[in-house]
Amino acid sequence: MLLFNQLETYLYLAIVLFAIGLYGVLARRSLIALLISVELILNAASINFMAFNRFLAPHPAVGQIITLFIMAVAAAEAAIALSIIVALYRKLKTINIEQATELRG
Amino acid sequence: MNFLSGLFTPQGVASAAFVLVMAITILGALIAVAARNIFHNVLGLALSLMGVAGLFLYLNSPFVALMEILIYVGAICIAICFAIMLSEPLYLPKPPRNRLKMLGAVAGAGLTFVFLCLLIRKTQWTPAVERSTDWSITTLGHYLLTNYALIFEVISLLLLVAMLGSIVIARGGRGSS
């Protein structure tokens, strides 16, 4: 059994990517670094979809279309997040999440 | 000797390339979260996404692999680079890392990792009884414009709304002109 013909290989790789991204979201404080970590997590999800599509699904087109949808959502999310980051920097002169506490009251 | 001769069969070359792609993916992801310079983070993300595109090639989907490179590496990483240039200068000293917080993050991510690994180990994966073998891009395009046309339309609407929203936010919000 070859390594790249097993479902589990892809699932474990996706988990590794997910855990790395989760660590980034929890530990980093720059908003841009947070966005990068979220992209890693979304990629782990798409690897899962593609792996199930390749090994289990009845029709191979469905998983690919879902992955394309995830990519489009990620692109939209990145555009919105980056514009929020630029607006935040213009207002606060920092993009550190610990200093963006305007709503604390 | 047996291992070396096994490496030069087509399967051996494919396996070696697969291990390389996996290593690129994980290494890029580690650079993307661990490096202190934010620009190195973006380059690590691009490396990792190239690796993911290679994985998609192994999963029989060249179209999605190309889209991955086009959208993620080509568009999102470049957009993040622009945001870095428009926000904090890189020469400013960074605040020191909080060791306790990093430890907590490692613990949280590690626990999630272990939990998901156990979950995968426990699950019995059963393939669908009847599986189509039609992997061509033509079929994919056909599906995208017939059965799944709604997804196609929703994607375009979503991108339009996101584009307008980001322009409004980045210009300074409502009321300013």
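**Chat about chains A and B**

Colleague: Which residues does A109(B) touch, not counting residues up to four places away in sequence?

Modeller: A109(B) touches A19(A), L22(A), Y23(A) and L26(A) on that count. Two residues are in contact if their C-beta atoms, placed from the backbone, lie within 7 Å.

Colleague: What should I know about the model and the numbering?

Modeller: This is a predicted model, in which local features need pLDDT of at least 70 and side-chain atom pairs count only at pLDDT 80 or more, while totals for chains, interfaces and linings use all residues. Residues are numbered from 1 along each chain as its sequence is written, and chains are lettered from A and ligands numbered from 1 in the order in which they are written.

Colleague: Back to A109(B): buried or exposed?

Modeller: A109(B) counts as buried because 21 other C-beta atoms lie within 10 Å. The cut-offs are 20 or more other C-beta atoms within 10 Å of a residue's own for buried, 12 or fewer for exposed, and partly exposed in between, with C-beta atoms placed from the backbone.

Colleague: Where is A109(B) in the chain?

Modeller: A109(B) is in helix α5 of chain B, residues 99-122. Helices are DSSP runs (H or I, at least four residues), as are strands (E, at least two), numbered from the N terminus.

Colleague: How many residues does each chain put into the contact?

Modeller: Chain A puts in 63 residues and chain B 74 residues. On the side of chain A that touches chain B, α3(A) gives the most, with 23 residues. By class, that side has 50 nonpolar, nine polar and four charged residues. Ala, Val, Leu, Ile, Met, Phe, Trp, Tyr, Cys and Pro count as nonpolar, Asp, Glu, Lys and Arg as charged, and the others, Gly among them, as polar.

Colleague: Which residues have the most contacts inside the largest nonpolar core?

Modeller: They are A14(A), L17(A), I32(A), I36(A), I47(A) and I80(B), in a core of 63 residues. α3(A) gives the most to this core, with 13 residues. A nonpolar core is a set of buried Ala, Val, Leu, Ile, Met, Phe, Trp, Tyr and Cys residues joined through C-beta atoms within 7 Å.

Colleague: What does I47(A) touch, not counting residues up to four places away in sequence?

Modeller: I47(A) touches Y10(A), L13(A), A14(A) and L17(A), along with V52(B) and L55(B).

Colleague: New topic: what comes after α3(A)?

Modeller: K93(A) follows α3(A), and its phi is positive, near 60°.
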